[in-house]
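Me: I'd like to learn how to read aromatic rings in a protein model. Can you walk me through it?

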Amino acid sequence: MTRDVVVIGAGVVGAAIARELSGYNLEVTLIEAKGDVGDGTSKANTAICHTGFDASPGTLESRLVHSGHQLLCEYANQTGIPIDKVSAMLVAWDDEQLQALPGLKAKAEQNGYDKAYLISAAATYEKVPDLGPGALGALIVPDESIICPWSTPLAFATEAVSRGAELMRDAAVTGVDVGQSTTLVHTTKGDVETRWVVNAAGLGGDTIEAMFGFDRFHLHPRRGELLVFDKLARPKVPVILLPVPSKMGKGVLISPTVFGNVMLGPTAEDMTDREDTATTAEGFDFMVDKARHLMPTLLDEEVTAAYAGLRAAHDQSDYVIEADAATRYAVAGCIRSTGLTSSMAVAEYVADLLKQAGLEMHRKSDAELPEPPKMPQIGEQAQRPFEDADLIASDPAYGRLVCFCERVSEGEIRDALHSEIPARDLGGVRRRTRAHNGRCQGFYCGAHLTAILQSSVREEI
C-alpha cells in the first residue's frame with residue numbers, strides 16, 4: 001500500500017509530527033532506526049520545558065518554542081505526562097554577568113515572555129540557601145518547567161498509532177528512490193512507498209538530506225555528560241539553576257527532575273562518532289569542579305547515575321524547516337535541545353508547509369479521533385500506583401514491588417510490556433516505568449526484570 005506520508009525518526013519531533021499528521025485523512029508511517037520510540041537524542045536531555053525567554057528574537061526557533069511551550073504544557077496535563085513548573089533562576093557570579101541580566105530580561109520580553117524579574121543577592125540566597133558563596137543576583141523565569149523526556153515522545157507516538165499511523169521500529173533508512181509521483185524508501189525492514197517524506201531524523205538528518213539531493217546543513221554529534229544525584233539532594237535544588245549565557249554557550253546547570261532526583265550537567269564535547277555515548281573521567285571532573293563552585297554541598301550527596309547523550313550540533317543559526325514540492329520532501333532539521341518544548345508547534349508548522357506544497361489533507365472530525373492516551377504516572381508530582389489503595393485492591397499486581405528504589409510495581413511492568421507501543425527490552429521498560437533507575441542501578445531488580453522480559457518474549461513467540 002502506498003502511504004501518504006513517511007516520517008523518518010521517532011524522536012520527540014518526529015513522533016509529534018506523526019501524531020499531528022495522523023489527525024488528518026492521511027496514511028502515515030513513522031520509521032525509527034532504533035528499537036524504540038525516543039531512544040536517541042530524546043532520551044538523554046536536560047528535560048526542561050522552556051518558555052523561550054532566551055531564544056534569538058525573530059527566529060523561527062523563538063516563535064515555535066514560545067507557542068510550543070503552551071501546547072506541551074496543556075498536552076502534558078491532558079495526558080498525564082509528568083511536568084512541574086518549578087521556575088528557573090539565572091545566577092550572576094560576577095559583575096559582567098550581573099550587568100547582563102537586565103538585557104536577558106529585555107530579550108525575554110522581545111520573545112513574548114514578560115514575567116521574568118530580577119532579584120538581589122539576598123533574595124537569591126533566600127530562594128536557594130545552598131548556593132555557593134559569591135552570587136550577586138539573579139533573573140527569575142517563573143514558567144520554566146521540568147518534564148519527563150521519555151513519556152513525551154511515547155505519548156505522541158502512542159496517539160499517532162491509535163489514530164491509525166503505522167510504526168516501524170528497527171528500520172534504518174538505507175536509501176530512497178524519488179519517482180514522478182511517489183518515493184520508495186528503503187529500510188532494513190523492507191521498502192515503503194509513499195507520496196511524501198518528512199525528515200525528522202535528528203542527528204541523522206543531514207544523511208537523509210543528502211539522499212534527496214540537498215546540502216542545506218551539516219551536523220556533528222556533541223556529547224553531553226550528566227550526573228544524577230540521589231533523591232536526598234532534591235531539597236537543595238527547588239528551582240532550575242541556569243548559568244548566565246556567554247559567548248562560550250549556556251554552560252552547566254543544576255536542575256531537579258520530575259523523578260525526584262537532581263541533575264548536574266551537561267558537558268559539551270564535539271565528536272565524530274555518532275554512536276559514542278560513553279561517559280568519561282574528564283567529564284566527571286569538569287562537572288564536579290562546576291558543582292564545587294555553584295553548590296558545594298551538592299557534592300556531599302550520592303551520585304546514583306551518570307549518562308551521556310548526543311545532540312546534533314549544526315552550522316545554522318536557526319531551525320531549518322522547509323518543504324520541497326518537486327521532490328515531495330520536507331525536513332525538520334537543526335533543532336537543538338529546545339526541540340522537546342517546540343515539538344508540537346514544529347509538527348503544526350510542518351503540517352501547514354505540506355498543505356501549502358500541495359498535499360491534500362483534511363482534518364478528521366472529533367468523532368473519528370480517539371481520546372488522547374493516559375500515560376503511566378512515573379513522576380513524583382502525582383499519586384504513583386504503589387500509593388493507590390483502590391487501584392491495588394482492584395489489581396494486587398500494583399502492590400507487588402519489583403523495583404524498590406523507584407517503587408515500581410509488577411502491574412506497571414506488565415502494562416509496559418503490553419501497551420500500544422510495548423517495551424521490547426530493559427531500556428524500554430526503564431523509560432516507561434523508572435524500574436532499574438534507582439540507587440542500586442538494578443542490583444536488586446535486574447534479575448527479576450530480565451525474567452519478566454524473557455517470559456514476555458516467550459509469550460509473543
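Me: Is Tyr329 buried or exposed?

Reply: First, a note on the source: this is a predicted model, where local features need pLDDT of at least 70 and side-chain atom pairs count only at pLDDT 80 or more, while totals for chains, interfaces and linings use all residues. Residues are numbered from 1 along each chain as its sequence is written, and side-chain values use heavy atoms, leaving out hydrogens and water. Buried means under 20% relative accessible area, exposed over 50%, partly exposed in between (1.4 Å probe, protein chains only). Tyr329 has 0% relative accessibility, so Tyr329 counts as buried.

Me: How many aromatic pairs are there in the whole structure?

Reply: Rings of Phe, Tyr and Trp (its six-membered ring) pair if their centres lie within 6.5 Å; planes under 30 degrees apart count as stacked, over 60 as edge-to-face and the rest as tilted. A search of the whole structure turns up five such pairs. One of them is Trp150 with Phe259, stacked at 4.9 Å centre to centre with 15° between the planes.

Me: How buried are Trp150 and Phe259?

Reply: Trp150 is buried at a relative accessible area of 18%, and Phe259 is buried at 10%.

Me: And what about Phe212 and Tyr329?

Reply: Those two are stacked as well, 4.1 Å centre to centre and 15° between the planes. Phe212 is buried, with 7% relative accessibility.

Me: Which residues do ring pairs link into a cluster?

Reply: Phe212, Phe214 and Tyr329.
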